[in-house]
Amino acid sequence: MDGVAEGEPDGGGGPDPGDVVIETRGLAKQYRGTLAVDGLDLRVPRGSVFGFLGPNGSGKTTTIRMLMGLIAPTAGSARVLGSPMPQAVRSVLPRVGALIEGPALYGFLSGRDNLLRYDAADPTADPRTRVARVGAALDRVGLSAAAGKRAKAYSLGMKQRLGLAAALLQPRELLVLDEPTNGLDPQGMREIRGLVRGLAADGTTVFLSSHLLDEIEQVCTHAAVMARGRLITQGPVADLSAGALGRLAVTTPDVGDAARILAEHGVRDLTTAGGRVTGELPAEPPDLAELNAALVTAGVRVRGFGLERASLEDTFVALTGEGFDVAG
Amino acid sequence: MSRAERLAAGPPERTGAPAAGAAAVTAAAAVAGPEGRPAPGVPRAPRLVWSLGLLRSELVTVFRRGRTLALFAVLAGVPLLVGIAVRIETHGGGSAGGGRGDGPAFIEQVSNNGLFLTFASLAATLPFFLPMAVGVVAGDAVAGEAGGGTLRYLLVAPAGRTRLLAVKYLSVLAFCVAATVVVAVSALVVGFALFPVGDVTTLSGTTLSLSDGMLRALLIALLVAASLVGMGALGLFVSTLTDSGIGAMATTVGLLITVQIVDTIPQLHAVQPYLFPHYWLSFADVLRDPMQWDGVVRNLGLQALYAAVFGSAAWARFSTRDVTA
């Protein structure tokens, strides 16, 4: 249950609150008998881009709703930006930008008027700079040209951008983005990733939930994995994917011979496909140079030979797969 | 679709994603202030005057909606229909209803004095049209935001639950006044256009000057608007119970119809004094000379009671509920 790859030591006595923007202890939520979130201990370090991963229904959105004070936890506590969460909503949330479960807009209002309304709902937002801030936020997500159109005429990607713009109306300390690239085309995804990187470089902590693992891998410095309402692991992304062993990949026209020789040297779980043999190295791997030499000596024409680093996806599948078995 | 694609493709200088992000950061930094970065640990303080921005935004949102304007159009149409019907009916002389005392109150006097169309129209719309319109707006107030998902963004902004509910109720009250004004003004215009206008004969038989009559009409409009206060609170409470705007509107209007029916069943007279529409037509007492305040005071007291009870219930529900939509 505890993080297998905790980045920093946790004395249990509560670290400097300035270094942690989100901290939950035993956070739980029960809906009519089913535990949507169960004993969550989440720590999001300040300045990180934190990926929040999990299959559908694993409790990610419920967690985010609890962090934003929209629903009350059944048990446990949550602190956001150092303050207890359902209670300190009014002082914490002006410093937090959020995109929760997709954008929600007033279809009969224009994109700009939607943002003006959301900004007016924030009692700490200065009305004198409102129009300028809305304009800057629209520009930032590339929606300036469509700002005057009614929101109901927007495509899903445009709505997503407008939702992001609403989160960027003020300089924020923390951005909570639930599936921010949903509905965007590849170009839009790239823009959003660039935006997230720029915000992170600016000192904003970004809490990013996504089901797109390569996205998390590209953007995030830290990640947490949830399954069935429980936190399976959390820590720096590099540590997480280092947990899974890499796979050996050999590109060759002689796949049959290659597979035989690799098997002789203890490589397991061999798969051959399209001139490639991949397999899992044993726990005590042989010297890769010797392995390659053995292949060549046996007359295998090796075109490519190398270790593929475990992707976060491998880690994720391994973790959630195991998680399902344990929880079953 | 093609528009969206073009937008996603963007102008050429935006295609390098990191560069675009960096440029955008600079743009926002200019707005953020000289330091250009979020200042951790220095929360911006909320200001009372700034809090009023939400009320303004809510009023604009309610009154710019097509649905609100459609409701106003229907309400404005009622005096027009009544006026034309009375005009046709009395074309050959004589008074509408043939003196049988049928139809809405005051309708018989309309052909003699156009100002009575205002009283007649308010009396005709108060039992159903006006409270139904209020029920639609109040029922949708919170449930519609929840159903559309905009509620979570307002709360995360953070609007504050109590403040949001107060703003919603104030906008419902503003709608009550506006809807009444629409009926009254439409009736005034139609009445002055189609019928002769002159001194007003009160229900007591005395005569008031036209200007006094107009003042009484204004007072009646205010009383009619105030009669809708309880209905608005009831609708707002129903609205906090569900995430379906349509469901909340239907429930609120259904409650109105039920209550109106109960109010007409003699065997149920024991509960009738506690029903919010029971004293609604007491506004007619304003047209007596001297004015009689008993019914009016009871009506206002009952409306205040409903506003207090259902307003508190709405607050109790909304301030603690889980927002899952």
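Two strands pair if DSSP finds at least two bridges between them. Keep that in mind for the first stop in this predicted model.

Select residues 49-53 and 205-209 of chain A. These are strands β4 and β9, which run parallel and are joined by 4 bridges.

Now widen the selection to the whole sheet of chain A. This open sheet has 6 strands in the order β7-β8-β9-β4-β10-β11, with mixed pairing. Which strands stand at the edges? They are β7 (96-99) and β11 (230-236) of chain A; each has a single partner strand, so one side of each is left without a neighbour in the sheet. From one strand to the next, the twist averages 10°.

Residues 156-167 form helix α5(A), which lies across β7 and β8 (174-178) and runs at about 165° to β7(A). Residues 186-201 form helix α6(A), lying across β4, β8 and β9 at about 150° to β9(A).

Move to chain B and select residues 66-89 and 116-125, helices α4 and α5. Their axes come within 10 Å and cross at roughly 120°. That makes α4(B) oblique to α5(B), and the crossing is right-handed. Show side chains where the two meet: among them are B:Leu75 and B:Val78 in α4(B), and B:Leu117 and B:Ala120 in α5(B). The residues of this contact divide into 7 nonpolar, 3 polar and no charged.

Last, colour the spans that an unreviewed UniProt entry places as "transmembrane region" in chain B, including 245-262 and 300-318. Residues 245-262 are 100% helix, with end C-alpha atoms 26 Å apart. Residues 300-318 are 100% helix, and the end C-alpha atoms lie 26 Å apart.

How values were computed. Residues are numbered from 1 along each chain as its sequence is written. Chains are lettered from A and ligands numbered from 1 in the order in which they are written. This is a predicted model: local features need pLDDT of at least 70, side-chain atom pairs count only at pLDDT 80 or more; totals for chains, interfaces and linings use all residues. Axes are lines fitted to C-alpha atoms, for helices over the stretch in contact, and angles run from 0 to 180 degrees between N-to-C directions. Angles under 35 degrees count as roughly parallel, over 145 as roughly antiparallel, 65 to 115 as roughly perpendicular and the rest as oblique. A crossing is left-handed if the near helix is turned anticlockwise from the far one by less than a right angle, and right-handed if clockwise. Two residues are in contact if their C-beta atoms, placed from the backbone, lie within 7 Å. Ala, Val, Leu, Ile, Met, Phe, Trp, Tyr, Cys and Pro count as nonpolar, Asp, Glu, Lys and Arg as charged, and the others, Gly among them, as polar. UniProt positions are given in the numbering used here, feature names are shortened, and annotations may be inferred rather than shown by experiment.
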